[in-house]
Amino acid sequence: MGEKLHEIRLTVNGVPRETRVPGRRLLSDCLRHDLGLTGTHVGCEHGVCGCCTVLLDGEPVRSCLTFAVTVDGREITTVEGLREPDGSLSPVQRAFSESHALQCGFCTPGFLCTVTALLRDNPAPSDDEVVEGISGNLCRCTGYQNIVKAVHRASELMGEAEGRS
Amino acid sequence: MTTKLFGEPVQRREDLRLITGEGRYLDDLGKDALAAAFVRSPHAHARIRGIDVSGALEVDGLVAVYTWEDLPEGVRDPLPLLIPHPALTHGRTAYPLARDVVRHVGEPVVMVVARDRYLAEDAAALIEVDYEFLKPVVGIEEAVQGVHLVHEDVPGNVGAHLVQEVPSPGGAGAREAVDAAPHVLAFRLDIERSASTPLEGRGVYARWDADDRSLRVYSSTQTSTSVRMAVAAKLGLPLPSVEVIAPDVGGGFGVKIVHPWPEEVLVPWAAMLLGREVKWAEDRREHFISSAHERAQVQHVRVGFDDEGRVLGLDVTILHDHGAYTPYGIIVPIITATQLLGPYRIGAYRVEFSSIYTNTVQVTPYRGAGRPQGVFCMERTMDRIAAHLGLDRTAVRAANFIQPGEFPYDQGLIFQDGRPLIYDSGDYPKSLSMLKELIGWDAFPQAKERAAAEGRRLGIGLACYVEGTGVGPYEGGHVQVTSDGRVHVSTGLTSQGQGHETVFAQIAATELGVPLDRVSVVTGDTRRFGYAVGTFASRAAVMSGNAIALAARKVRDKALRIAAEALEADPRDLEIEDGVVRVAGDPEASISLATVAVLSNPLRYAFDEEAKRATQFAGPASMDRPPVEAGEEPGLEGRDYYSPVRSTFASGMHAAIVETDPDTAEIRILRYAVVHDCGRLINPMIVEGQIHGGVAQGVGGALYERMVYDGHGQLLNASFMDFLMPYATEIPFVETAHLETPSPLNPLGVKGAGEAGVIPVSAVIAAAVEDAEGITVDRMPISPSELYELRRATAP
């Protein structure tokens, strides 16, 4: 006999989605394998590395520590949804590329989601606030120096964009 | 105008897909594939008495269960010993699924295939394996006693034993030279285990096409060509029927050069047998207990030196813990043994190592691959000599440096590639003066004193290294200009985040004179390039970089020949700029590379307007010559290989200032400085990124990371909760300066930069902590509690 399935409705990157999942299905697996949004990565499945970070109603969460059924009806943003409404790259995405803040790119979606929320709450963070803000995400490639640089650069780009509007 | 691209900090071309979630890593592929999971040994050493799979059969969605008994010939055989060496007298490799005996926690015993991973794990959990416990051998010193054996037929647990000796110029042996020296020191050093731990684990996904009997395998590997050969051989398939592709790979750092992993054989085999796509993606615990570790060594050093600190004799004995199996041979300890000498000219040198079996995860190269241990040994030795003589630590190093005029410098040893250890170029005195300047070496004593007056403890340390990079045997490159003017570059080695798509495009664009955005690069796909070795030993830029440059030069020559004919000009008068071939000084006489590509391929059938130019009635042609002349090929493309006579030798020096807390013994790195010489820089932004990442891994290895085994062979910290990989909060800002001494060995003058950052870090931090504390540091990593204990042990 198969497992009992639960119907859930999520709004993912602004799009209403429906799927049926077993109670134990992790949100990370639901996003990746049921909804095909493979940009969210799984690096440890015990909530330490931060690769699976997505925004749940705007707040960063570990999707590998979240059961999909528990977020029924909620809004989720993944890396696939970070672009600006006009399809251009977000300041955070641009800054990561400009600053060479990624190498293999596996941890990057988690950092991008984390930093997007960080700068929304604190548009001009100090060095210490940046380091603190990204201290829940592991990166094995970059040594973090260029990630810190990218966060400041993103803050700068956001400031410029606001100055213009 | 074509921008100069070689040497420029060009933005990475791989970034766009990776920052938008459009990368394709292994587990992003094969949405409908069956999932594999493994039952792994919970014991470090045990005999399998029986396996009861009946419980698993109840699981809905179960497709298959396999034990060693189920595997056919070829698949069931031990995995290959990849790098044989005469000194490896007792090499042993694992079976893909354990046969009779398990030799480390995590060894695969049963393979389960099910509809999805959850169900496969459900089934795996219901399989019962009956084990008879055997005594585990844990820890290098217990292992060398040889009382209990990891492999019954390997006496003393010794897999390999090797001695290399270089006598002094006067002919004295090292031991003799040490004994005759005015000063002699003898001591022991210890380094613990760490591991690559890329954020993406291993993984493999296989598709068997039953209609044309071909197999496509995706693997998160550092060598797709070699996985292909191994899989074809194991499964008895013709090589052309197997293709292996490394998709986007989430970090490697060495662990993914090992192949074929059990899963790389079993998953394709199961896919063939079942006629279904099968995938396995490693989870984090599996990566800790079932892949590979590195670093652990015990070193016994005797050194003799004169009053200036010049080393007259050095005698090192190394015990190297290689875990339960030796698929990668003795590469790690032989690199330690040979790279230990660093930038120094040593009077007489003797090195002896024993590579020892233990009931722990196998040891294979992790970024640096034995060099961090060798540098730790040499640099701790230099610091001890300085302390003994009361000399400045930089002065002792300078007294031993090989001088710029002495290259090529033959160290008299045989390197890891079986070739002589001859340094190609370098400038160590300049490197040291740059480092002293960058960190402020000479002014530090005053800063230390001022801090001391405030009750703070500061210390400074440095370490030097030479890194053999760009080892052979070869890599190849293929460059093709298509009739749309686009340039397609491929090479067989793989990428794990190094930015190869960017730097190889820079090289091809520079050589061909085309805009960068017209060049695309494919790596690690055997459909595009079948001959390759792999990505390891900081070799990609040297090997594939030069191969691509040579291939691009062939294409350029051919383009100029064809263009010369079309323009009725002398090829020597032509130049290529911005994708257009021009007669120098005559802007009217030009032809685009796209058109040259059309003309390079004589056609009967036109497929578009442009192609009409190459058809048989299109224009004047010599009726005496065939359309494709002897020795020519259709198409504007070229293939070439780069195979070096021996390795290049990059070098560098690092220094750090640390502060230790008098109460808590916490160690903080206040400054970290790097002087780096990897020959000519292709892309300084990418080289710096490699250094930053390497230093971060080095800091992890120096202060935080270790594999903690208990006496039963259980890895106690097999998770990111307990294995302390550094976050941003632990990593210092790295200040870098570059020195460029081009390699005379290859056309581009490059040396390779991938591993450099990690190599000297443990030695640097040990030296700085020692300077801050005035306590000898002879084992790494060092935690606050260990420093606290050291203080207690040495307190008067």
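**Exercise 1.** Determine what share of the contacts in chain B with a separation of 6 or more comes from residues 24 or more positions apart.

*Solution.* Two residues are in contact if their C-beta atoms, placed from the backbone, lie within 7 Å. Among contacts in chain B with a separation of 6 or more, 81% join residues 24 or more positions apart.

The model is predicted: local features need pLDDT of at least 70 and side-chain atom pairs pLDDT 80 or more, while totals for chains, interfaces and linings use all residues. Residues are numbered from 1 along each chain as its sequence is written, and chains are lettered from A and ligands numbered from 1 in the order in which they are written.

**Exercise 2.** Compare the radius of gyration of chain B with that of a compact globule.

*Solution.* The radius is taken over C-alpha atoms, and the globule rule is 2.2 Å times the number of residues to the power 0.38. For 796 residues the rule gives a value near 28 Å. Chain B has 28 Å, which agrees. Its C-alpha trace spans about 95 × 70 × 50 Å along the principal axes.

**Exercise 3.** Describe how the two domains of chain A meet.

*Solution.* First, locate the domains, whose bounds come from an automatic or database domain assignment: domain 1 of chain A covers 5-81 and domain 2 covers 91-164. Next, take their C-alpha centres, which lie 22 Å apart. Finally, count the residues in the contact: 15 from domain 1 of chain A and 12 from domain 2 of chain A.
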